[in-house]
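Here is a walk through a two-chain model. Have a look at the structure first, then read on.

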Amino acid sequence: MSKTNSIRNVELKAMQATARDGITEMFLGGMLLVFSWLFSLGTPLAAFGALFPLALNPLGKLLKRKFVYPRIGYAKVSQQPHAFRNIGFAAVGFIVFIMASLGVFALILGFARGYSLWLSHFVPAVAGLMMAIGPWVVARTYKLTRWYIIAGLFILGGVCLPLFHVATGYSAVFLESAIVGTFSLLYGIGLFVTFLRKYKVTEVAHDPK
Amino acid sequence: MTPSSEEKERAAVFTGIDRVIHEPARLSILAVLRAFESTDFTFLLKQTELSRGNLSSHLSKLEAAGYIAITKEFVEKVPRTLVRLTDAGHDAVAAYRTEMDRILANL
């Protein structure tokens, strides 16, 4: 392996080390389950699901401080404005695309049938794609298979649930969130327990000089 | 015995290498730091698998070269050494990569 390859390898391993605790997976799972639960109560309430990560942010910091830093040390992840900007552009692009497609469907099939097909099959698929963007960016950045699986589950759920008549429209969005949320939460809990068992609290080390 | 022109030419290929970075332990420290805004001493210890004394000595050399900045703080009455790569450090690693790619391409 060349030196330049080994530099990338060390960087990647160090980045992956900060993702071993499973806290992000647990939070994503919790957020999706709350989102789907609110969705089942009434569609507008689902918007409050977006506030869930903000509410849990202090808890995440506390978990990191009490359980993660004493075991593997503290590392502040660099801000990646490009990645966030790309996600923003993709989200806006999808919203424009989904609204424009409603017009196309209505134009081809007439408003009633077009809207019905758009809502039952198109919305869940596009919602799945949109929700897959974040996990896909994480998977690519950290080269973590589990995040590729989460992104894949979002896409598959959005396409397959309406296609196989399991659920359509908003119910499909709710169901795919619940499925991926359960997977992510259980996976995160498993990772967290493994992390606690594998890495013991070490004596705090600091530069002796 | 004086070196032949071929030996001089071969040696000249490697003169552009930054010797502060070229040492494997320091290179591994810089590679870890490149991935983060800052890390503490414990994280570097775990990732590089160096001994405390060794890590401390390499950090001193990197700090003297201006490639890293070290700050000490107290978190809940516990001392914490924070290390971050400076802009000069980022530039030096990028230049080192370019130089190594050039050398390896010519081998």
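## Ground rules

This is a predicted model, so to speak of a local feature takes pLDDT of at least 70, side-chain atom pairs count only at pLDDT 80 or more, and totals for chains, interfaces and linings use all residues. Residues are numbered from 1 along each chain as its sequence is written, while chains are lettered from A and ligands numbered from 1 in the order in which they are written.

## The two chains

Let's start with chain A, which has 7 helices and 1 strand. Helices here are DSSP runs of H or I with at least four residues, strands are runs of E with at least two, and both are numbered from the N terminus. From the N terminus on, chain A reads α-α-α-β-α-α-α-α. Of its 209 residues, 28% are buried; that label takes 20 or more other C-beta atoms within 10 Å of a residue's own, with 12 or fewer making it exposed and anything in between partly exposed, all with C-beta atoms placed from the backbone. Among the contacts in chain A between residues at least 6 apart in sequence, 70% join residues at least 24 apart. A contact means that two C-beta atoms, placed from the backbone, lie within 7 Å.

Chain B has 6 helices and 3 strands, in the pattern α-α-α-β-α-α-β-β-α along the sequence. Buried residues make up 36% of its 107 residues. For contacts in chain B with a separation of 6 or more, 53% come from residues 24 or more positions apart.

## A sheet built from both chains

The strands come together in an open sheet of 4, in the order β1(A)-β1(B)-β3(B)-β2(B), with antiparallel pairing. Two strands count as paired if DSSP finds at least two bridges between them. The edges are β1 of chain A and β2 of chain B, each pairing on one side only. From one strand to the next, the twist averages 20°.

Now for the pairs themselves. Strand β1 of chain A (residues 75–77) is joined to β1(B) by 3 bridges and runs antiparallel to it, with A:Val77 opposite B:Phe36. Next, β1(B) and β3(B) pair in the antiparallel sense over 2 bridges, and B:Asp40 stands opposite B:Leu82 in β3(B). Then β2 of chain B (residues 68–75) is tied to β3(B) by 8 bridges, again antiparallel; here B:Thr71 has B:Leu82 as its bridge partner. The hairpin of β2(B) and β3(B) has 2 residues between the strands, and B:Glu76 takes a positive phi near 50° in this hairpin.

## Helices on the sheet and on each other

Two helices of chain B pack on the sheet. One is α3(B), which touches β1, β2 and β3 of chain B and makes about 90° with the direction of β3(B). The other is α5(B), which touches β2 and β3 of chain B, its direction at about 125° to that of β2(B). Angles run from 0 to 180 degrees between N-to-C directions, and axes are lines fitted to C-alpha atoms, for helices over the stretch in contact.

How do these two helices sit against each other? The axes of α3(B) and α5(B) come within 10 Å and cross at roughly 75°, so the helices are roughly perpendicular. On that scale, under 35 degrees is roughly parallel, over 145 roughly antiparallel, 65 to 115 roughly perpendicular, and the rest oblique. B:Ala25, B:Arg26 and B:Ile29 of α3(B) meet B:Asn54, B:His58, B:Lys61 and B:Leu62 of α5(B). Also in α3 of chain B is B:Pro24, which is exposed because 10 other C-beta atoms lie within 10 Å.

Over in chain A, α2 (residues 23–41) and α7 (residues 169–198) pack at about 150° with their axes 7 Å apart, and are therefore roughly antiparallel.

## Where the chains meet

At the interface, 30 residues of chain B are in contact with 23 residues of chain A. The elements of chain B that give two or more residues to this side are α3 (24–34), β1 (36–40), α4 (41–48), α5 (52–64), β3 (78–85) and α6 (87–106). The largest share, 6 residues, comes from α4(B).
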